[in-house]
Amino acid sequence: MTGCGGGRDPMTNHPVRAVLAVALALATIAAAAADPPAAKGRAPFRSRATPKERPQRAPGQGAPAAAAPQSGAAPVFKTLIPEAARRVPAGPPLEVAPIDRARRPAVNAAAALIDDIIDRTSPAAARVEDAPLDDALFARRAYLNLGGRIPSVPEMVAFMGSKNPRRREELVDTLLSSPDWVSHSFNLWANTLRLKDQSGSHVFYAWPYLDWVKRSLAANRPYDAWVREMLTADGKVWENPAVGYQLRDQGMPLNYVDHTVRVFLGTQIGCAQCHDHPFDDWKQRQFFEIAAFTAGVRTGIEKPRSTRSGGREPPSSLQKNYERIAAQAGSMARDAAEKKTPFEGAIFGFLEAHRRSVDWGPNDLLLPRDYHYDDGSPGDVVEPRVPWGEEPPQARDLDPRRRFAAWLTAADNRQFARTVANRLWKACFGLGIVEPVDDFRAGNPPSNPELLDHLAGLIVDLGFDTREFVRVVVSTEAWQRRAVAHDPSSANPHAFRAPVLRRMSAEQLWDSLLTLIARDIWAYQRPTAEAYAVLGEFDMASEEADFETAYAVFGRFRDASLMWPGIDGQLFKHHRFRDLSLARASELPQPSRMGHMLREFGQGDRDVIDGRRTVATLRQVLTMLHGFHGEALVDDGSVIMQSLLANDPARGVDVAFIGVLSRPPTDDDRETVSMVLRAAPTPLDGFHDVVWALVNTREFLFIQ
């Protein structure tokens, strides 16, 4: 694929005409078995012929369409789109912190400094493809990069019709203070933080934590503050949802250290768990010195720890009560199995959740038994020590875990700033200055060190306001140029004079299709963290804790539909189209099940950091050709079809192209669509094919 900066544009015109040509051929075949359309100049959207079922037609991949009405009769309205998705939204789906619009001059000045660095450090050859975005492409990129979806027809028409000379700045500021930004940001961080609804028995009820992440983004909390809170939170997840981060790796304390350093410091030290790093300067002892900071973290009922005198801690009331109540639940389950009577097996997950909490207590970390280096002996106690810099003086009297968090998030810990700046830069430009983003090391230097250092300083100066950082980046001239293709295996680094041409992420694709289908894309939201307060009505550590109380609280929790399959039931009852739920990617199960469109297009399994896949597959092609959206898009209740039905066929061409591709049709486009419409049994059938064809173009799938 060639770049999009100059010469023939590989994303428009010819591919659109090629796909529409397929639609034309199929429409011609279908028309041979159908009544001819009305005379030219009188072609209605629905046939006025004798009522009959419209035939099944390959492009739409849907069920038989609604019967055509008698001559002069009102059109028959038939839809499978759930009513919740078709309703006009009553108000904003969640509260988002407003953006400081008065800072716009400072934002533009900061953006100009970034452009200056890029201009000074990029070779002359990189400037050949410089091509600024027109307004239509800018709006589409802004919505996808900042809102995670394409713009709707009304949004696009309003932007293109605006006479405000600063309409681009206004659009950026509006999107960054919208729920769309929160949803898109959540998807990005869910991939990095490995957010899952359920991970074995360790994080059975993780939803309060996931909601806390989303609400932290909505409140625009400083990045260093919410990272520090995740690293130091205590309690149960429904009391203090931030503990979900530490519970994510419950029972794997060394993996927890590895993941934390990779996510927040962009450094891979996992190899040093077992031996000195073979390709970097990390020593095994250094790894254990970092791990010693968090060795005292407890994440539930564990083996009683050894005391300094050589004895053992006595069992806690939590442990004793759990063993007693779990044994009683097991006995009842066996009785129910023998008598073949119903029994709520999910009660065991409920009890498991109540034994999971986070607190800290003194605990020595020892060098492993196979340690064989000269700087220590197996069994030696390891004292916590930071790998570079100094611990902040104000944190030295805190427990080791809080000392580590204070050091990691300190403003003078340059690697913390460099890592998040690099992650956010990649989110905007499609490529990090250091790639992979979690592989900072001497053998993998940044492609533009001056730019990375400047960005690190910028985010520190902004008080780790990640939203304001993105606001600056997307205000640069570089970000507002036409995307160019970049071969990641090339010896020449990307100059960042423009973003990298890339396909939509799985979540962007899903939410863009949802924008074409549902009027209210926020009709469903996941339960809030506050909804889980009912779990706190039972205290496993209390002297009064018994099975009857636990089962009663579990019943109230179950009846509130706050657990699977109750959540699935609510989604399918009110938001179901065929076997899928019409909700934003951020509100669906995390991650979606195997075979779901999100997984087919690369949504990660959340078992590894940044596990999203970007490679193209044949299954993706087949999904686009035959997926659920083919039927949903041409459903009478879909947004795009409702927009088409509200206009005459001539205006419908504009609606189709603006709705799907966010741009008006060219003269060639109009000519090709006219041929499709003339060959179709009715103009509505023709537009079914047109919409299906446009969604299957590269222009739709790629962010230019």
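## Exercises on a predicted model

Helix α28 (residues 683-695) contains 13 residues and spans 18 Å from first C-alpha to last, close to the 18 Å expected at 1.5 Å a residue. Here the expected span is 1.5 Å times one less than the number of residues, and helices (H or I, at least four residues) and strands (E, at least two) are DSSP runs numbered from the N terminus. This is a predicted model, in which local features need pLDDT of at least 70 and side-chain atom pairs count only at pLDDT 80 or more, while totals for chains, interfaces and linings use all residues. Residues are numbered from 1 along each chain as its sequence is written, and side-chain values use heavy atoms, with hydrogens and water left out.

### Exercise 1: a helix pair and its salt bridge

Solution. Two packed helices are described by the angle between their axes and the distance between the axes.

- Step 1, geometry. Axes are lines fitted to C-alpha atoms, for helices over the stretch in contact, and angles run from 0 to 180 degrees between N-to-C directions.
- Step 2, class. The classes are: under 35 degrees roughly parallel, over 145 roughly antiparallel, 65 to 115 roughly perpendicular, and the rest oblique.
- Step 3, contact. With contact meaning heavy atoms within 4.5 Å, the residues of α4 that take part include Asp135, Phe138 and Tyr143, and those of α6 include Arg167, Leu171 and Leu175.
- Step 4, salt bridge. The term means a side-chain nitrogen of Lys or Arg within 4 Å of a carboxyl oxygen of Asp or Glu.
- Arg167 is partly exposed, at a relative accessible area of 23%.

### Exercise 2: a perpendicular pair

Task: work out the packing of α14 and α20.

Solution. Begin with the numbers: helix α14 (residues 347-354) and helix α20 (residues 547-559) pack at an angle of about 105°, with axes 10 Å apart. That makes α14 roughly perpendicular to α20. Now look for the side chains: Ile347, Phe350 and Leu351 of α14 make the contact with Phe547, Ala550, Tyr551, Val553 and Phe554 of α20.

### Exercise 3: salt bridges across the sequence

Task: which parts of the chain does the pair Arg584 and Asp180 tie together, and are its two residues buried or exposed?

Solution. The side chains of Arg584 and Asp180 meet in a salt bridge of 2.4 Å, N to O. Arg584 lies in the loop between β7 (580-581) and α22 (597-600), and Asp180 in helix α7 (residues 179-193), so the pair ties together parts that are 404 residues apart in sequence. Arg584 is buried at 0% relative accessibility, and Asp180 is buried at 9%.

For a second case, take Glu600 and Arg619, whose side chains form a salt bridge of 2.7 Å, N to O. Glu600 sits in helix α22 and Arg619 in helix α23 (residues 618-626), 19 residues apart. Glu600 is buried at 12%, whereas Arg619 is exposed at 54%.

To finish, the salt-bridge count comes to 48.

### Exercise 4: the backbone

Solution. 

- Glu435 and Pro436 are joined by a cis peptide bond with omega about -10°; Pro436 is in the loop between α16 (414-429) and α17 (449-461).
- The bond from Gln590 to Pro591 is cis, with omega near -10°, and Pro591 is in the loop between β7 and α22.
- Arg194 has phi near 60°, a positive value in a residue other than glycine. Its place is the loop between α7 and α8 (207-218), and Arg194 is buried at 4% relative accessibility.
- Arg578 has phi near 55°, also positive. Arg578 lies in the loop between β6 (576-577) and β7 and is partly exposed at 40%.

Conventions:
Buried means under 20% relative accessible area, exposed over 50%, partly exposed in between (1.4 Å probe, protein chains only).
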